[in-house]
Amino acid sequence: MSNAKKPRHKRLVDELITFTEWQTERTFTYRLKRLNCLDAFIGMIARKHGENCALSFEDWHVEEEAFFDEKLSKIANELWDADCNCPELIDPTSKTKQMVVILPEPYLDQRKKGNLYRLSYYSQSGASYHDVFKTFKDAVKSALMGGYNMLVAGSLDALVDTNDWNKGLVVTKAVQSGVWLREYLETIATPDERALFNI
C-alpha cells in the first residue's frame with residue numbers, strides 16, 4: 001500500500017466556478033470578508049453577470065482583485081484623512097487589547113530602501129513588533145488582513161502607563177539586558193520596577 005498522498009486538485013485559470021461555489025469557499029471570500037465588503041461584491045457580480053453565472057477562475061480573480069483594490073484604496077484614503085496620517089486600529093475581537101498604529105518610518109536606512117511607513121503592533125503589555133511598508137496603502141492592507149479594522153483614536157494613550165504596560169516594559173528591559181526576568185528583578189530593577197511585581 002502506497003503512502004503517497006493524493007494530489008490536491010489545482011484549479012485551472014479557465015475552469016468555471018459557479019456563483020454559489022465562489023460564495024461558499026473561504027479561499028475566495030477571505031479578503032473581502034476582512035474588508036467587510038463581501039455583500040457589496042456579491043451584489044456587483046449579480047448585477048454584472050447574473051446570480052446564476054459561472055466564471056472562469058481567472059475572471060473571478062480579476063473581478064475580485066479590482067473590487068478589493070478599489071475598496072482598499074477608499075479605506076486607505078479615509079484613514080489618511082481621518083487621523084493625521086497615523087491611524088490607530090484595534091482588533092475588536094482581541095481580549096488582550098491588540099492594536100496597530102501606522103506611522104512614518106523613523107529610520108533613515110529603511111527610508112533609503114523605500115520603506116516609508118511602519119506598522120507598529122501593541123498589546124496591553126507594550127510594543128511587540130513592527131513591519132515596514134513602501135506605501136500607506138500597503139500598511140493599511142496588512143493591518144486590515146490582520147483583523148485590525150476598527151479606527152479608535154487615542155487607543156495607544158489608553159494603554160500607556162497602565163500596570164500591564166509598565167510590567168511589559170520591565171520584561172523588555174530584562175530581554176535587552178540579556179537576563180531572565182527574575183534575575184533582572186533581583187539584581188538590576190529599580191524599586192518602582194520591583195513594586196510592579198510585588199517584590
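Rings of Phe, Tyr and Trp (its six-membered ring) count as a pair if their centres lie within 6.5 Å. In this predicted model, the structure holds 13 such aromatic pairs. One of them joins W22 and W60, with 5.0 Å from centre to centre and 10 degrees between the planes. Planes under 30 degrees apart count as stacked, and this pair is therefore stacked. The two residues are 38 positions apart in the chain, W22 in helix α1 (residues 19-24) and W60 in helix α4. W22 is buried, at 2% relative accessibility. W60 is also buried, with a relative accessible area of 2%. Y117 and F136 pair in another geometry: their ring centres are 5.7 Å apart and their planes stand at 70 degrees, so the pair is edge-to-face. This pair too links distant parts of the chain, with Y117 in strand β5 and F136 in helix α6 (residues 136-145), 19 residues apart. Both residues are buried.

W22 and W60 also belong to one aromatic cluster with F19, F28, F41, F57 and F67. The axes of helix α2 (residues 26-34) and helix α4 (residues 57-82) come within 11 Å and cross at roughly 10 degrees. Helix α2 is therefore roughly parallel to α4. F28, R31 and L32 of α2 meet F57, E64, E65, F67 and F68 of α4. Five of the contact residues are nonpolar, three are charged and none is polar.

Five strands form an open sheet in the order β6-β5-β4-β3-β7, with antiparallel pairing. Strands β6 (126-133) and β7 (150-151) lie at the edges. Strand β5 (residues 117-123) pairs with β6 over seven bridges. Among the bridge partners are S120 and H130, the latter in β6.

Definitions and conventions
Residues are numbered from 1 along each chain as its sequence is written. This is a predicted model: local features need pLDDT of at least 70, side-chain atom pairs count only at pLDDT 80 or more; totals for chains, interfaces and linings use all residues. Side-chain values use heavy atoms; hydrogens and water are left out. Axes are lines fitted to C-alpha atoms, for helices over the stretch in contact, and angles run from 0 to 180 degrees between N-to-C directions. Helices (H or I, at least four residues) and strands (E, at least two) are DSSP runs, numbered from the N terminus. Angles under 35 degrees count as roughly parallel, over 145 as roughly antiparallel, 65 to 115 as roughly perpendicular and the rest as oblique. Contact means heavy atoms within 4.5 Å. Ala, Val, Leu, Ile, Met, Phe, Trp, Tyr, Cys and Pro count as nonpolar, Asp, Glu, Lys and Arg as charged, and the others, Gly among them, as polar. Two strands pair if DSSP finds at least two bridges between them. Rings of Phe, Tyr and Trp (its six-membered ring) pair if their centres lie within 6.5 Å; planes under 30 degrees apart count as stacked, over 60 as edge-to-face and the rest as tilted. Buried means under 20% relative accessible area, exposed over 50%, partly exposed in between (1.4 Å probe, protein chains only).
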